[in-house]
Amino acid sequence: MINLKSISEDSINGVNIKLLQPLKGPRVNVDTVLLAGFSKVRRGERVCELGCAHGAVSLILAKRKEISVVGLDIQENLVHMAEKNRELNELSDRASFIHGDLREIHKILPPQGFDVVVANPPYGDPIRHRTGNRSENVLARHGVACSVEDVAEACRYLLGDKGRAYFVFAAERLVDLLCALRSRGVEPKALRAVHPREGKDASVFLVKALRSASPGIRLLPPLRINDDGGNYTEELLDFYSPEGSPCP
């Protein structure tokens, strides 16, 4: 059940989505919109979001294209919220949400049943960033309930040959994700660095990978979040458009 006193109802300008989301817990941020805008889906495709939380990325994608999207999350209360958000946005015919553990993906969803997988894996390494509880934020931000290896294995299981996977992930742990994907036959094919502003190191990377693809990677032009005046750049605002970023 959802405690109405612990949630807010918000709108994401540009992508035309309304969302119930927890006041304390995972909330929509720039990474959410980056992942949705970077992920390219085609009409009629089958899409799975791993770690869907309250369904924001799944619903943005379903709003943009006539697809069938399934969101999976280990936190039952967030899945209930995602189901409410599906109804709120009148997308029940395109989106569904499942409570489950991606480490047991073979018990939940069919093998090679999807054209696209999208994920924003927890950035923290629980070995280096120890946490003391299993709150919503801890589960969303630290790999205590799944590792990048678990996410890569779930992608391998879910995707058909040449199926596409899209990620947003912390720059400092980028190598962990790329190695985990390649070792499971999901080959990294494109990278885009995201910088807070000019002159600052990248904070996250956008990653595209293909199952059963040959080696070879594209380094896309970097994306800067803010200009010198502290305003969102035009490049970032493209991600908030109804179509998402034009970048492949």
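Trainee: In which helix is the place of Glu83?

Mentor: This is a predicted model, in which local features need pLDDT of at least 70, side-chain atom pairs count only at pLDDT 80 or more, and totals for chains, interfaces and linings use all residues. Residues are numbered from 1 along each chain as its sequence is written, and side-chain values use heavy atoms, with hydrogens and water left out. Helices are DSSP runs (H or I, at least four residues), as are strands (E, at least two), and both are numbered from the N terminus. By that numbering, the place of Glu83 is in helix α3.

Trainee: Is Glu83 buried, partly exposed or exposed?

Mentor: Buried means under 20% relative accessible area and exposed over 50%, with partly exposed in between (1.4 Å probe, protein chains only). Glu83 has a relative accessible area of 25%, so the class is partly exposed.

Trainee: Within what arc do the buried residues of α3 fall, seen down the helix axis?

Mentor: The buried residues of α3 are Leu78, Val79, Met81, Ala82, Asn85 and Arg86. The arc is that of the directions from the helix axis to the C-beta atoms. Seen down that axis, the buried residues line one face of the helix, because they fall within an arc of 155°.

Trainee: Which residue with a positive phi follows α3?

Mentor: Most residues other than glycine have a negative phi. After α3, however, comes a residue whose phi is positive, near 55°, and this is Glu90.

Trainee: How many residues apart in sequence are the parts that Phe38 and Tyr166 tie together?

Mentor: Rings of Phe, Tyr and Trp (its six-membered ring) pair if their centres lie within 6.5 Å, and planes under 30 degrees apart count as stacked, over 60 as edge-to-face and the rest as tilted; by this rule the count comes to three aromatic pairs. One of them joins Phe38 and Tyr166 edge-to-face, at 5.8 Å centre to centre and 85° between the planes. Since Phe38 lies in helix α1 (residues 30–38) and Tyr166 in strand β7 (residues 159–170), the pair ties together parts whose separation in sequence is 128 residues.

Trainee: Is the pair of Tyr232 and Tyr240 stacked or edge-to-face?

Mentor: Tyr232 counts as partly exposed at 39% relative accessibility, whereas Tyr240 counts as buried at 17%. The ring centres of Tyr232 and Tyr240 are 6.2 Å apart and their planes lie at 25°, so the pair is stacked.
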